[in-house]
Amino acid sequence: MGMAMKYLITLLLFAAFSLHAKVQPNILWLLTDDQRADSIACYNRATTGKAESPLGYVESPNVDKLAEQGVLFTSAFCQAAGCAPSRISMHSGRYPHRSGVYGFEPHHHYASHWKPQLPQQLEKAGYQTIHAGKLGVRTLGWDGKRWDWSKASKYQVDFNFKSEFWGNNLTGWKKYPAKKGDVAYTDEFFVFPDGRVENVVLDRELTKEEKIQRERIENELDILRHYNPGEAPGPLIIAGVSPQPGEAMRDARYAEAISLHLANADKDYTTLWGSQQMGPDSDSPVFVHVGFDFPHTPVIPPKDYRERFSNYTYKIPEFTKEEMSKLPPQLVKLIKAKYTDHFSDEDKLKMIQDYHAFCAWGDSVIGNLVDDFKSYSDKQGRPWMIIYVCGDHGWNLNDHGKISKFSPWDICLRTPVIVVSSDKKAFPAGKVVTEITELVDIAPTALSAAGIDISKSEFDYLDGRDLKQVAAGKVKRDYAIGESNHVIGHRAFIRNEQFSFSMKTRPHKTAGKDFKWAINAGRDEVELALYDLRVDPNETNNVANDRKYRKLADWMRLKLQSIIIGDGRHEVKWDAGKEAKVYSSNFAPGADDKKLDIPKKLVPKVQ
């Protein structure tokens, strides 16, 4: 081959590569719900060298495969250990104290500080945005007088749990608000394969017939509900078996709906629920977000998985009176709200087995969807990216004596992320990143992949970073932060791999009132909690008031409150007119410098 021909081929290859580099990738974002980090084997292998968790056996072959194909971020943390505030932080790329969404409050985009969310930004960039399952982002329509839940989604195509899946009995479980006279309560329904729909009444005194029916159904499905000491079981199902086989459960339906949609590019088709829907335009990129419900309550895995996992023995997390005695009132209240240490060992084991069975079943659903997404992208000749987030936050299984979430402890805050891409240079296969990352990184990662220059001033509002840059070692953070206000009121945290610290930040939820309360409050009032992770990785010994840690706790307090209270904080009265009322606090701009330069003299030596 002559030199001229080689030169021509080189030019053609370079042109083809350049053209391909400009093609926007299809993006698939997979998010599970209430899933703890140690429920996936790849995370355990990367952090402990063993596939099983400290509790016992876990099973996640499809997520493990993603980790083998891409980059696993083991030190990723959510910004709030509650579904709604965590999900809005991901969709907005902003910390709760910057978005003004701290809990489950409805909010809207008319507020003066508000910025477009991820799907809106990608739509402007030419993407078709598609969602299926749980969204959990309570950004609603608002006309100045009333909230409009029908305008809650910001996706162009929205296969919503309630309207499509729930409304058409494409799920084994659902619940509705109901009313009998002046008494509001909840109707819970279980849908069986033979078409039978069984009803359980919750949240009010039951008639004799209702009690008999509830007992019959709960016995049939071996339902275990949470209950506090001396109280009757509440509505929260923490163990049991699904009335439906796995392929008919809601998460499987979400994946099936997306696969069906992608299989019908450029044409009209019939959805799982019988409506007509146009498939995606194959000439444009897609951004697909699937919000899985597993392993969120009700924890009811399919029968085959439940039976198999009942053969595994798990270590039950221990809780001591000494741990409780060192906790501030906020955290004591949190534990007592969903206390489980009074459960029998048999029931504790059952809730752990069923939780892990549910996670393992969910992993099987992810595998097929990932394959279908890749196939769709390959048919288009388009590059692709998959972002997997292991839980919007974690879940207690008697850790700290409780079940559920909402805590500032690692078990609820650590949320491993995996990014897989056809661009192996950006996200090398099998790479493990231990640098601190945060779920606010999801939005900037997707935006950057879409070819959007987030270094422009219009994106200065983003608190997150592009995970491509984190994986390349170009972004360094010394800490993760966050704040939420559900169950126990405002509490913020800051943590690195050595120390975990949290404090009460507000005395109430009234927007804009007493902004500097935490700055001026006494030490006992802000209820400090500090854990030395070097010797106490399970965070069972609060040392904030110990003599040798006291000055360190006070230093961490000053750092955290300067960021959370003083560096661009927003609190919003969302229903105060169409534009809302936004209160801001910015007396310490730049406090969030990502550096945790703790004076060496404050750090106690450990053996």
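This report walks through ring pairs, charges over rings and salt bridges in the structure above.

First, some ground rules: this is a predicted model, where local features need pLDDT of at least 70 and side-chain atom pairs count only at pLDDT 80 or more, while totals for chains, interfaces and linings use all residues. Residues are numbered from 1 along each chain as its sequence is written, and side-chain values use heavy atoms, with hydrogens and water left out.

**Rings**

Let's start with the aromatic pairs, of which the structure holds 21. Rings of Phe, Tyr and Trp (its six-membered ring) count as a pair if their centres lie within 6.5 Å; planes under 30 degrees apart make it stacked, over 60 edge-to-face, and the rest tilted. Y155 and F287 are a stacked pair, with 6.1 Å from centre to centre and 15° between the planes. These two come from distant parts of the chain, 132 residues apart: Y155 is in the loop between strand 6 (147-148) and strand 7 (157-160), and F287 is in strand 15 (residues 286-291). Strands here are DSSP runs of E with at least two residues, and helices are runs of H or I with at least four, numbered from the N terminus. Y155 counts as buried at 7% relative accessibility, and F287 is buried at 1%. Buried means under 20% relative accessible area, exposed means over 50%, and partly exposed is in between (1.4 Å probe, protein chains only).

F161 and W166 make a tilted pair, 5.0 Å centre to centre with 50° between the planes. Both F161 and W166 are buried. They also belong to a cluster linked by ring pairs, together with F159, F165, Y176, F189, Y254 and W273.

**Salt bridges**

Across the whole structure, a search finds 43 salt bridges, each a side-chain nitrogen of Lys or Arg within 4 Å of a carboxyl oxygen of Asp or Glu. Here are a few:

| Salt bridge | N to O |
|---|---|
| R196 and E220 | 3.1 Å |
| D222 and R306 | 3.0 Å |
| E483 and R569 | 2.9 Å |

E483 in strand 22 (residues 480-484) and R569 in strand 26 (residues 569-573) are 86 residues apart, and both are buried. There is also a network in which salt bridges with shared partners join R98, D463, D567, D592 and K594.
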